[in-house]
Amino acid sequence: MRHIRDSGEHIGVGRAMHDVLLDLFPICRSITGDGVRATLRALQKRIPLTIQEVPSGTQVFDWTVPLEWNIHDAYIKDLNGHRIIDFQKSNLHVVNYSHPINRRISLDELKNHLHSLPEHPTWIPYRTSYYKDSWGFCLSHNELQNLKDAEYDVRIDASLSKGSLSYGEFFVPGQVRDEVLFSTHVCHPSLCNDNLSGIVVTTFLAEWVLSKPRRYSYRFLFVPGTIGSITWLSQNRGQTSHIKHGLVLTGVGDPGPFTYKRSRRGDSEIDRIMANLLRHSGSPHNIVEFIPYGYDERQYCSPGFNLPVGCFSRTPHSQYPEYHTSGDSVEFVKAESLEESLEQCRTAVETLERNRVYLNRNPHCEPQLGKRGLYRGIGGQAGEKSMEMALLWVLNLSDGSHSLLEIAERADIRFEVLAAAAEKLMEHALLSPAQ
Amino acid sequence: MRHIRDSGEHIGVGRAMHDVLLDLFPICRSITGDGVRATLRALQKRIPLTIQEVPSGTQVFDWTVPLEWNIHDAYIKDLNGHRIIDFQKSNLHVVNYSHPINRRISLDELKNHLHSLPEHPTWIPYRTSYYKDSWGFCLSHNELQNLKDAEYDVRIDASLSKGSLSYGEFFVPGQVRDEVLFSTHVCHPSLCNDNLSGIVVTTFLAEWVLSKPRRYSYRFLFVPGTIGSITWLSQNRGQTSHIKHGLVLTGVGDPGPFTYKRSRRGDSEIDRIMANLLRHSGSPHNIVEFIPYGYDERQYCSPGFNLPVGCFSRTPHSQYPEYHTSGDSVEFVKAESLEESLEQCRTAVETLERNRVYLNRNPHCEPQLGKRGLYRGIGGQAGEKSMEMALLWVLNLSDGSHSLLEIAERADIRFEVLAAAAEKLMEHALLSPAQ
Amino acid sequence: MRHIRDSGEHIGVGRAMHDVLLDLFPICRSITGDGVRATLRALQKRIPLTIQEVPSGTQVFDWTVPLEWNIHDAYIKDLNGHRIIDFQKSNLHVVNYSHPINRRISLDELKNHLHSLPEHPTWIPYRTSYYKDSWGFCLSHNELQNLKDAEYDVRIDASLSKGSLSYGEFFVPGQVRDEVLFSTHVCHPSLCNDNLSGIVVTTFLAEWVLSKPRRYSYRFLFVPGTIGSITWLSQNRGQTSHIKHGLVLTGVGDPGPFTYKRSRRGDSEIDRIMANLLRHSGSPHNIVEFIPYGYDERQYCSPGFNLPVGCFSRTPHSQYPEYHTSGDSVEFVKAESLEESLEQCRTAVETLERNRVYLNRNPHCEPQLGKRGLYRGIGGQAGEKSMEMALLWVLNLSDGSHSLLEIAERADIRFEVLAAAAEKLMEHALLSPAQ
C-alpha cells in the first residue's frame with residue numbers, strides 16, 4: 001500500500017472507484033426489480049458480466065423466489081398537499097418490499113408503520129419486509145416528531161407481481177478448473193458502505209483478474225443478499241465442488257480496520273492466507289471466528305456445502321452507528337479505503353496463485369548454493385541474510401507436505417520473499433512443483 | 001441456583017439433606033461391619049437400594065476382602081477407673097480396624113499407639129490401619145499432654161472375624177442400556193464432609209433421577225473406599241463397558257468452591273459437561289487434571305478399565321484443615337452447600353440426557369425460519385437475538401459430527417438455550433437425531 | 001551438578017577437559033589437511049576413534065570433496081623485512097583456504113584482501129574462503145590502521161592439492177542396533193568455544209559411554225563442518241535409519257545459559273528429553289525451534305534424511321561478540337562450563353537408556369502396594385508422598401502407550417524418580433517392558 005499511496009495513477013484508482021459508487025448511489029435496489037438490473041447494467045461498462053433472471057415462484061431449496069418489487073413513487077402528504085416525507089428525496093423512506101397503498105390515514109394508525117432512530121434523530125433508518133406482507137415508512141426521528149396533524153395522505157406507488165430475481169455473474173476461466181469465488185450483495189438501496197463498496201471493489205478486482213492469465217478460474221457473483229446466494233447455490237449445486245477458495249466482500253469502504261471472518265472450516269487455505277496477509281499488512285485488523293450470522297457466507301458455509309468461503313470487510317456490520325441508516329452516505333466511504341481494500345484482495349489473489357507445494361529435488365543434505373551464486377563467498381561472518389534464509393527454509397520444508405504459505409508461517413518470513421526464493425530455486429532446477 | 005435460593009421449597013431440600021446427615025453421623029462406619037450396614041439400611045428409607053455382601057477372603061483382583069471389623073466399646077482409663085479417652089464420646093478415638101486389646105500398659109508404650117495433631121490441639125485425628133495388624137487411639141493434642149500417669153488401662157472391645165464386606169447398589173434402567181455411574185464411599189465414621197456429604201447428595205440425586213423416565217440408565221454405588229470399588233469392579237467386570245459417563249461424589253458439603261477433577265481420559269463427555277456447567281454456574285470453581293491419587297476414581301480410571309469417571313467435590317480433600325479430623329463436624333457441612341452440589345449434579349444429568357448429535361434436515365443453505373415464525377419479520381435492524389443465534393448455530397453445526405455441547409462451546413451459548421433451540425427445530429421437522 | 005561442584009574429583013574432570021583444549025588450541029585446522037589429522041590423533045589418546053580419509057574430488061551428494069589445503073607460513077612484511085602480520089603468532093591471520101601468494105603489493109590492492117572488526121579493534125576476525133578461489137588476511141582493526149606504507153611484501157606459503165578430507169568416527173555397539181549419534185565439527189583453527197569445546201565434551205562423553213554396557217549403540221563423529229557431515233551421510237546413506245536420536249554438540253564451553261535447538265521434527269524423543277532435563281536442571285536455559293541455519297543439524301535434518309537430531313550448546317553461535325574472533329580464546333571457555341555441559345549430555349544418555357514404555361501387569365484397579373511394603377501402613381493422613389505418587393503414576397499410565405518420559409511430563413515428576421519407581425515395580429513383578 002505504501003507504494004500505491006505514492007502513485008498518482010493509483011490514487012486515481014481509489015477516485016475512480018468512488019466515482020462508480022457515486023453513479024450507483026441514487027438507484028433504488030431491492031432483492032428483485034429494476035434497481036438491481038440497472039446496477040448490473042452499469043457494471044457491464046467495466047466487466048462483461050452476465051445478468052441472470054430467475055422467475056418468481058422458482059423453488060430454491062427451502063425458499064421460493066418472491067414476487068418482483070418495483071417502486072415509482074411514495075410520500076406522506078399533509079392535508080395541504082405538501083410532501084412531508086418524499087421517496088424522491090431518499091429511497092430509504094420506504095420500507096423495502098412495502099405493498100402499494102394510497103389512502104388517508106390517521107396519525108395514530110400511521111405511527112404503527114413508521115420507523116425512526118431516536119438515538120440518531122437526523123438519520124433515516126433502512127428497513128425491509130421481504131417476506132411479510134406489510135408496508136411502512138422510515139424517517140428521521142426529528143421528522144417523526146414534527147408529525148402533529150390528525151390525518152395524512154399516504155401513498156406507495158409500488159408493484160409486487162410475477163417477474164424475476166436478477167443477479168450478475170462473471171466467470172474467468174484459468175489454467176485449472178478449480179475456482180475462486182468472490183461474492184457481493186446488490187440489494188441495498190442508497191447505502192454506500194453496505195453495499196456499494198462491495199460492488200465496486202468486486203468489480204475492480206474482476207477487471208484486474210481479467211488483465212492477465214491466471215492459474216485458477218475466478219467467479220464473481222453480484223447477488224441479492226440471502227435469496228440471491230441461495231438461488232445461485234440451488235441452480236449451480238453440481239458445480240460448487242469446484243470452489244476451492246472464496247470471499248464474500250462487503251463493507252470495504254469505511255475507514256475502519258480490516259476484518260477477516262474465517263470460513264466455517266476455520267483453517268482452510270483462504271483463512272490462512274487472509275490471516276497471513278493481514279498480519280503482514282502493517283494495518284490494524286481483526287481476525288474473527290466464523291459465526292452463522294452475517295452475509296452470504298451463511299449460505300456458502302451451510303453444512304450441506306461447507307465451502308471454504310470467508311468474509312472480508314472493514315468495520316463489521318452493525319458495529320458502526322451509520323450501519324443501515326442514511327448516515328452510510330457517499331461521504332462515509334473513502335476513496336483511499338476502497339483502494340486499500342482492493343489492494344488486499346489483489347494480494348490475496350496473488351498469494352493464492354503462488355501458494356503451491358514444492359519438492360526439493362536435492363533433498364539429501366543442502367545443495368551447494370555457493371557454486372550457483374546463491375550464497376556468500378566468504379564464510380565466518382555472524383548472522384544470516386534474509387534471502388539466504390528464505391532459500392534454506394524453502395529447501396528444508398519442500399518435502400511435498402508443506403505449502404509455501406505454511407513455510408512462510410513457520411519461518412515467519414513474508415510470503416513474497418519465500419515465493420521469490422522458490423522461483424530462484426526453480427530456475428536452478430533445485431525445486432519443482434509437487435503435483 | 002439463584003431461583004432455588006429464592007424458593008422456600010428448595011431451602012427445604014438443603015435442610016432435609018442436612019437432617020439425613022445428622023441421623024447418619026453417630027454411626028461408626030468402617031470398610032466392613034455393622035456400621036456400613038446400618039448406614040445403607042437408613043438410606044433404604046429414601047431409595048430402594050440393594051445391600052450386597054461379599055465374604056471375607058474373596059479375591060478381588062490383587063486384593064482380598066478382609067476380615068469383618070466390629071467394635072462395641074473402647075477406652076483408656078486411669079488407675080482410678082476414669083475413662084480418660086472414651087469411644088462412646090467419639091468413634092474417632094479408635095484407630096479404625098484396631099485389633100482387640102485389654103490390658104494395663106505403661107505410658108511410654110501407650111504413646112507408641114497414640115495419634116494427635118499438635119497444630120490443631122483440640123481436634124481428634126482420624127486414622128486407619130486396615131491392612132496392618134495394629135491398634136491405636138486418636139486423641140486431641142491437649143488430651144495427650146494431660147496423660148501423666150505411669151500406667152493406664154487400655155481396652156478396645158472389637159472383633160476381627162470372618163464376615164463380609166457390605167455395599168449398596170441402586171440401578172435405574174433407562175431407555176438405553178448405556179449407563180451413568182455415581183459412586184460415593186461409605187467407610188468413614190463420624191466425619192461429615194468426608195464422607196457423609198457424598199452419601200447424602202448421591203441419595204437425593206438418585207431419588208430425583210428415579211422421579212421421571214430417563215434416556216440413560218443410572219447406577220448408584222455406596223461402597224467402602226478403595227476395597228469397595230475394587231470389589232464391585234471385580235464382580236461386575238463384564239458390565240463396565242456399559243458405563244459411558246460417571247462421577248465420584250465426595251466432599252460436597254463444605255462452603256468452598258466447586259472442584260471438578262477430570263477423568264484419566266481428560267476430554268470425555270462428562271469432563272466437558274462438568275467444565276461447561278461450572279463455567280456457566282456463576283460460582284467459583286476449579287477444574288483440575290486427573291492424578292492417580294484421590295478417591296475411587298483411582299480404580300475406575302485404572303488403565304485396565306479407563307472409564308470416563310471424574311470426581312466432583314467442593315474443596316479438595318486435604319486442602320481444608322478439618323479434613324480427617326473431628327473438625328469435619330455437622331457444623332462444617334452447610335445445608336445450602338449440600339443443595340448447591342445436588343443442583344450441579346442434577347444439571348449434569350440433564351445435560352447428559354439432552355446432549356445429542358443432531359442432523360440438520362435442510363443442510364443446503366439456511367431454511368427459511370421466517371415463514372415458520374422463528375425469525376423476525378422486519379429486516380435491517382442491527383444486532384442478533386439470542387434465540388435466533390441459537391437456532392442458526394444448531395442448524396449450522398448439526399452435520400452429524402457435533403454434539404449440542406460442542407456447539408454450545410463453540411458458540412459460547414448456554415447449553416440450555418441451545419437445547420431449547422434444538423427442540424424448536426425438531427418441532428418444525430428441521431432437525432432429527434443422528435443415528 | 002550441585003554434587004559435582006562439591007567434588008574434588010569432578011572439578012578435576014572440568015580441569016582435565018580444559019587441559020585437552022589447551023593442547024589442541026595451537027593446531028591450524030581447516031575442513032581438510034594436516035590440522036584435522038593432528039587433532040584426531042590427539043583424541044586417539046583418549047578414545048579409539050578411526051580416522052577416515054575421503055579423496056579430493058569424491059562426489060558427495062551435490063558437493064565435491066575439495067582439494068586438500070595445508071599451510072606452513074604466512075606474513076605481511078614491510079619493506080624493512082619486519083613481519084607486521086605473522087601467521088606464526090595466530091593462525092587466524094590467514095583467510096582459511098587462501099591460495100598461495102608471494103609478491104610485493106600496493107597498500108591499496110592489499111586492502112581488498114584484509115578483514116578486520118572496527119567494533120572490536122583488538123580482535124582478529126576468523127574468515128574462510130573454502131569454495132571461492134581467493135586469498136586474504138585477517139587482522140585487528142588497530143593493526144589495519146597502522147598499515148601506512150605504500151607497498152608490502154605478502155606471502156602465504158600454503159598448498160591446495162589433491163589429497164583427502166579426514167574425519168574421526170567412533171562406534172560403540174550396544175544391546176540394540178538402534179543408535180544415538182553425537183556429532184561435532186573439527187574444522188576451526190585456534191578458536192575455543194567454537195569448536196574446541198564441542199570436540200572436548202564429545203570426547204569425554206564417548207569415554208564415559210564406553211565405560212559400561214549400554215542398551216543403545218552410540219556413534220561419535222568428529223567431522224569438518226558442512227562438507228564433513230555431508231560426506232559421512234553420503235557414504236553411510238544406508239545406515240542412517242539406525243539413528244534414532246542424535247545431538248550436534250558445539251559451543252558448550254562458554255559460561256552462558258544452555259540452549260537446545262529442536263530437531264526439524266520438533267517433538268522427537270530427544271527433543272522432549274532435552275526440554276525435560278533442562279527444565280529440571282535448575283540452570284538458565286533456552287529451548288528454541290528448529291531453523292535450517294546453524295551447524296551440522298542442517299544436514300542431518302535435511303528433508304531427505306529428517307533425522308531426530310537436535311543441537312546442544314550454551315550461548316548460540318553469533319550471539320556472543322567473541323564468536324568467530326580471536327576473543328574466543330582459552331580464557332573464554334571455562335572448565336566448569338565444559339563439565340556442566342558434559343553432565344547434561346550424560347543425563348541425556350541416561351534418560352535415553354532408561355526411557356521405555358512399560359506395561360502394568362495388574363491393570364485392573366490398583367495393585368495392593370501396602371502388602372508389598374510399597375505404601376504407608378497407617379491411613380488417613382493428609383497429603384501424598386512423592387515415591388508413592390511416582391508408583392501410582394507409573395502404574396496408571398503404563399498401558400503400553402506412554403513412555404516414562406511422557407509420564408514424567410504429565411505427572412510433573414523428575415524422570416529419575418519415576419525411573420526408580422518403575423524399577424521398584426519391576427522388582428515386584430508389577431511392571432514389564434512393553435515389547
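**Asn91(A) and its surroundings**

Good morning. Leaving aside neighbours within four places in sequence, Asn91(A) is in contact (heavy atoms within 4.5 Å) with Pro26(A), Ile27(A), Cys28(A), Pro189(A) and Ser190(A). This is a predicted model, in which local features need pLDDT of at least 70 and side-chain atom pairs count only at pLDDT 80 or more, while totals for chains, interfaces and linings use all residues. Residues are numbered from 1 along each chain as its sequence is written, chains are lettered from A and ligands numbered from 1 in the order in which they are written, and side-chain values use heavy atoms, with hydrogens and water left out.

Where does Asn91(A) lie? Its place is the loop between strand E5 (83–86) and strand E6 (101–106) of chain A; strands here are DSSP runs (E, at least two residues), and helices are runs of H or I of at least four, both numbered from the N terminus.

Is Asn91(A) buried or exposed? Asn91(A) is buried, its relative accessible area being 8%. Buried means under 20% relative accessible area, exposed over 50%, and partly exposed in between, with a 1.4 Å probe and protein chains only. A polar atom of the Asn91(A) side chain lies 3.3 Å from the backbone oxygen of Pro26(A).

Let me turn to chain A as a whole. Chain A has 13 helices and 19 strands. Of its 435 residues, 62% are buried. The C-alpha atoms fill a box of roughly 95 × 45 × 35 Å along the principal axes. Among contacts in chain A with a separation of 6 or more, 79% join residues 24 or more positions apart.

Technical notes: Polar contact = N/O pair within 3.5 Å; in protein donor to acceptor, adjacent residues only side chain to side chain.
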